[in-house]
Amino acid sequence: MEILCHKVASGCASGPALATKEPISFLGNVDPNTGVVVDPAHELFGQCIAGKVLIFPGGKGSTVGSYVIYQLKKRNAAPAAMINLRSEPIVAVGAIISGIPLVDRVPEEIMQIVGGTWIEVDADHGLVRI
Amino acid sequence: MYLSREEEAICRGDHGPTLQKMMNILVALGEIYGAERLVPVRSAQIAGVSFKNIGDAGLQWISDLDGRVLVPSILNPSGMDLYRWKDMGIAEEFAYKQQAIIDAYRKLGVTIDCTCTPYQLYDSLASRGDHLAWSESSAVSYANSVIGAMTNREGGPSALAAALIGKTPLYGYHLDENRMPTHLVEIDYELIGADYGAVGFLVGEMVKDGVPIFHLQSRPNSDELKALGASMAASGSVALYYVENVTPPAPAGAEPEEKITLDRADIDDVYRNYSGRDADIIALGCPHCSMQELEQLAGLLEGKTVQKELWICTARKIAESCPELVAKIEASGAKVFCDTCMVVSPASERYKKMMVNSGKALIYIPGLCGVRAGFGTMKECIDVALGRN
């Protein structure tokens with residue numbers, strides 16, 4: 001299945017899906033060295049976002065989150081790609097400076113995808129393939 | 001978003017990977033916020049400087065960049081006085097990393113002035129009607145409101161992107177339609193000094209990201225406007241305000257829909273609820289002290305000896321322009337620190353309670369430093385430092 005989307009940060013990558021209905025604050029919610037979600041209050045607590053196609057509504061919190069995404073990438077602990085309902089500047093800037101494909105403006109149903117389903121994000125063509 | 005042929009070439013990577021990423025940041029933000037095009041900026045003020053805030057991740061990112069800024073660009077306060085960090089009790093490892101961040105910015109052509117008050121240092125960074133890419137929330141508020149320039153509140157990377165490309169996406173506070181007042185604030189008695197910080201503390205919380213227009217009995221000076229804007233940007237996210245007959249006027253046409261009235265009791269409550277008498281440190285200069293404020297402090301401290309730790313934070317250029325005032329202040333045992341402030345330096349963390357005369361510091365100190373905060377006028381703060389309470 002192909003879903004149309006809007007490119008925020010270019011590139012093409014694939015991986016197993018990891019979805020949450022909760023926004024993510026990369027500063028505070030995620031360990032910048034391992035990619036494990038460390039905030040006990042977050043739906044993804046204990047899960048590792050490294051190598052996943054991370055699906056979440058959007059970012060929140062401190063703008064330092066952009067740098068955290070960059071550090072994750074440098075430590076090979078970043079998501080392979082990200083999908084937002086609506087990207088905001090923290091995650092958009094983080095994805096661009098880190099070279100992680102990021103798309104948004106997808107239908108909300110995508111949040112219900114079964115964890116581990118293989119997904120390809122082709123930001124340059126504005127497509128998500130499931 | 002419309003891009004010129006030149007801008008498209010940068011996007012494709014014709015001018016190297018750093019500029020490509022920078023242009024992609026500007027385009028992505030422009031698309032998120034519905035900008036029609038990019039607009040040239042006169043200057044940039046870049047956040048993401050204190051190692052305490054951006055950590056190894058930020059240091060790594062800035063160090064990996066390769067380019068030169070195209071417009072005059074200066075920095076936010078760093079995590080320490082770049083020369084007297086040992087006097088602040090900063091650990092050597094932190095100082096090393098902080099210096100590496102500064103060096104990385106220097107390599108990009110950024111001027112190493114670390115301050116939240118660029119307008120106190122240079123007239124050439126912003127004039128009425130200029131488009132800017134500034135980051136620090138109180139500087140953004142001052143530029144938009146008091147100078148009448150136009151800037152959004154940029155994050156570190158987007159301000160640096162604007163500095164290296166020389167442009168910013170045209171949206172938000174760059175457009176008159178978003179600069180209309182939303183709330184009329186009436187205060188029917190004369191405010192002075194720290195009262196403005198207290199008013200900002202209250203109003204920011206009420207108007208959130210609105211655009212208040214103040215109808216005042218008193219005529220605030222530039223330091224008072226600085227304090228008012230700084231605390232509204234901290235308790236809310238106010239990036240623009242007006243003071244009738246004082247600041248450049250609002251665009252014609254719009255009448256604010258909401259009205260707020262404050263009286264003496266509301267403002268007195270701020271002082272009462274946040275007493276600073278039991279503080280173990282007093283820190284002034286949020287935003288950074290002007291020369292006029294250093295003059296007032298020198299007057300209050302001359303010939304006296306402080307009983308408690310007292311920090312005065314300012315920009316290096318300001319301190320260097322009035323060495324005799326700095327000497328008078330420091331003769332009392334107070335310390336004048338440059339390039340940094342109590343909010344962004346880890347040096348604050350070893351104290352239990354900090355007394356400030358800034359509505360902004362009052363809001364940020366507990367959360368960012370884990371230190372309780374008290375509030376008073378400049379005079380009250382100095383009295384506490386002198387052990388007169």
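Visitor: Let's start with a helix pair: in which handedness does α10(B) pass α12(B)?
Guide: Happy to begin there, and please keep in mind that this is a predicted model. Two packed helices are described by the angle between their axes and the distance between the axes. Here α10 (residues 291–301) and α12 (residues 323–331) of chain B pack at about 40 degrees, with 8 Å between their axes. The crossing in which α10(B) passes α12(B) is left-handed.

Visitor: How many nonpolar, polar and charged residues has the contact of α10(B) with α12(B)?
Guide: Let's look at both sides of it. From α10(B) come Leu294(B), Glu295(B), Leu297(B), Ala298(B) and Leu301(B), and α12(B) brings Leu325(B), Lys328(B) and Ile329(B). By class, that contact has 6 nonpolar, no polar and 2 charged residues.

Visitor: How is chain B divided into domains, and how many Å separate the centres of domain 2 and domain 3 of chain B?
Guide: The domain assignment of chain B gives domain 1 (5–176), domain 2 (180–267) and domain 3 (274–385). Taken over C-alpha atoms, the centres of domain 2 and domain 3 of chain B are separated by 24 Å.

Visitor: Which element gives the most to the side of domain 2 of chain B that touches domain 3 of chain B?
Guide: In this contact, 13 residues of domain 2 of chain B meet 15 residues of domain 3 of chain B. Two elements give two or more residues to the domain 2 side, α7 (195–207) and α8 (222–235) of chain B. That side has 6 nonpolar, 5 polar and 2 charged residues by class. With 7 residues, the element that gives the most is α8(B).

Visitor: And between the chains, which element supplies the largest share of the side of chain A that touches chain B?
Guide: Here 18 residues of chain A are in contact with 17 residues of chain B. On the chain A side, β2 (6–9), α2 (65–74) and α3 (89–98) each supply at least two residues. The residues of that side divide into 12 nonpolar, 4 polar and 2 charged. The largest share, 6 residues, comes from α2(A).

Visitor: In the open sheet of 3 strands in chain B, which residue of β3(B) is the bridge partner of Ala44(B)?
Guide: The strand order is β3-β2-β4, with parallel pairing, and β3 (73–75) and β4 (133–134) of chain B are the edge strands. Strand β2 (residues 44–46) of chain B is joined to β3(B) by 3 bridges. In β3(B), the bridge partner of Ala44(B) is Ser73(B).

Visitor: Last one: what is the radius of gyration of chain B?
Guide: Chain B has 14 helices and 14 strands. The globule rule gives 21 Å for 389 residues, and chain B comes close to that, so it is as compact as a globular protein of that length. Its C-alpha trace spans about 65 × 55 × 35 Å along its principal axes. The radius of gyration of chain B is 21 Å.

Notes: Residues numbered from 1 in each chain as written. Chains lettered and ligands numbered in written order. Predicted model: local features only at pLDDT ≥ 70, side-chain atom pairs only at ≥ 80, totals over all residues. Domains from an automatic or database assignment. Contact = placed C-beta atoms within 7 Å. Helix = DSSP H or I, 4+ residues; strand = E, 2+ residues; numbered from the N terminus. Nonpolar A, V, L, I, M, F, W, Y, C, P; charged D, E, K, R; others polar. Axes fitted to C-alpha atoms, helices over the stretch in contact; angles between N-to-C directions. Left-handed = near helix turned anticlockwise from the far one by under 90°. Pairing = 2+ DSSP bridges. Rg over C-alpha atoms; globule rule 2.2 N^0.38 Å.
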